[in-house]
Amino acid sequence: MIQRRQTIYLFLAVVISALLFFMPLASFNANGNIMKFTIFGIQNPIETITLSTTYTWPLVVLTALMTLIPLVTIFLYKKRELQVRLCRLAMLINIIFIGLVFIYYESDILGVIVAVENDIYNLNVAYFIGMAFPLVNLVLEILAIRGIKKDIALLKSIDRLR
């Protein structure tokens with residue numbers, strides 16, 4: 001039963017989450033100095049330095065969990081109720097990731113940029129597609145839960161016929 005529709009959704013969620021390790025989430029242009037925000041910290045590609053990497057470890061952990069939980073869920077196809085619970089856990093982790101980035105790190109990033117640049121008169125923020133990946137994962141996990149619940153309902157109806 002590994003060739004189910006929800007397996008495709010979960011596999012896509014794994015791939016999309018793994019892409020967060022390689023893609024920036026946002027770019028900040030402060031006085032002509034471009035800095036990129038990734039899950040590993042704020043990076044200045046011109047000087048090839050990484051600023052303040054220590055405080056982004058929660059993003060790295062959440063991204064690893066966003067990748068591993070759907071991958072484990074794929075191989076638990078005989079335990080459908082556990083699959084539903086794991087998908088809900090993955091959805092919660094995606095929501096926490098989004099909340100951390102938009103609520104906590106947004107102000108922290110601006111503080112780091114102000115500390116580096118001292119005088120910011122022109123700050124432009126550009127969000128990359130990496131910011132949409134947790135939202136796409138939410139949709140994929142909702143679709144996977146719907147597919148798993150359909151399988152549960154199908155198996156219950158077959159058991160009633162016996």
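**First stop: T38**

Select T38: leaving aside neighbours within four places in sequence, its contacts (heavy atoms within 4.5 Å) are M23, P24, L25 and Q43. T38 sits in strand β2. Is T38 buried or exposed? T38 is buried, with a relative accessible area of 9%; buried means under 20% relative accessible area, exposed over 50% and partly exposed in between, with a 1.4 Å probe and protein chains only.

Before moving on, note that this is a predicted model, in which local features need pLDDT of at least 70 and side-chain atom pairs count only at pLDDT 80 or more, while totals for chains, interfaces and linings use all residues. Residues are numbered from 1 along each chain as its sequence is written, and side-chain values use heavy atoms, with hydrogens and water left out.

**The whole chain**

Switch to a cartoon view. The protein has 4 helices and 5 strands, in the order α-β-β-β-β-α-α-β-α from the N terminus. Helices (H or I, at least four residues) and strands (E, at least two) are DSSP runs, numbered from the N terminus. Of the 162 residues in the protein, 41% are buried. Among contacts with a separation of 6 or more, 69% join residues 24 or more positions apart.

**The largest nonpolar core**

Next, select L20, L25, F37, L59, F97 and V101. These residues have the most contacts inside the largest nonpolar core, which has 24 residues. A nonpolar core is a set of buried Ala, Val, Leu, Ile, Met, Phe, Trp, Tyr and Cys residues joined through side-chain atoms within 4.5 Å. Two or more residues each come from α1, β1 (26–30), β2 (33–38), α2 (57–74), α3 (80–117) and α4. Helix α3 gives the largest share of this core, 6 residues. A second, separate core of 11 residues includes L10, V84, A144 and I152.

Return to L20 and show what surrounds it. Beyond four places in sequence, L20 is in contact with L25, I39, T63, M66, F97, G130 and F133.

Select V101, in helix α3. V101 is buried, with a relative accessible area of 4%. Not counting residues up to four places away in sequence, V101 touches L25, F37, L59, E106 and M131. Draw a distance from V101 to M131: their C-alpha atoms are 8.7 Å apart, although the two are 30 residues apart along the chain.

Now select M91, also in helix α3. M91 is buried at a relative accessible area of 18%. Leaving aside neighbours within four places, M91 is in contact with L138, E141, I142 and I145.

**The largest pocket**

Finally, select R4, R5, Q6, Y9, L143, R146, G147, K150 and D151. Which feature do they line? They line the largest pocket. On a 1 Å grid over the protein atoms alone, a pocket is an open set of points where a 1.4 Å probe fits, with protein on both sides within 12 Å along at least five of seven lines; lining residues have an atom within 4 Å of a point. Colour the selection by element: α1 (5–19) and α4 (133–161) each supply at least two lining residues, and the largest share, 5 residues, comes from α4.
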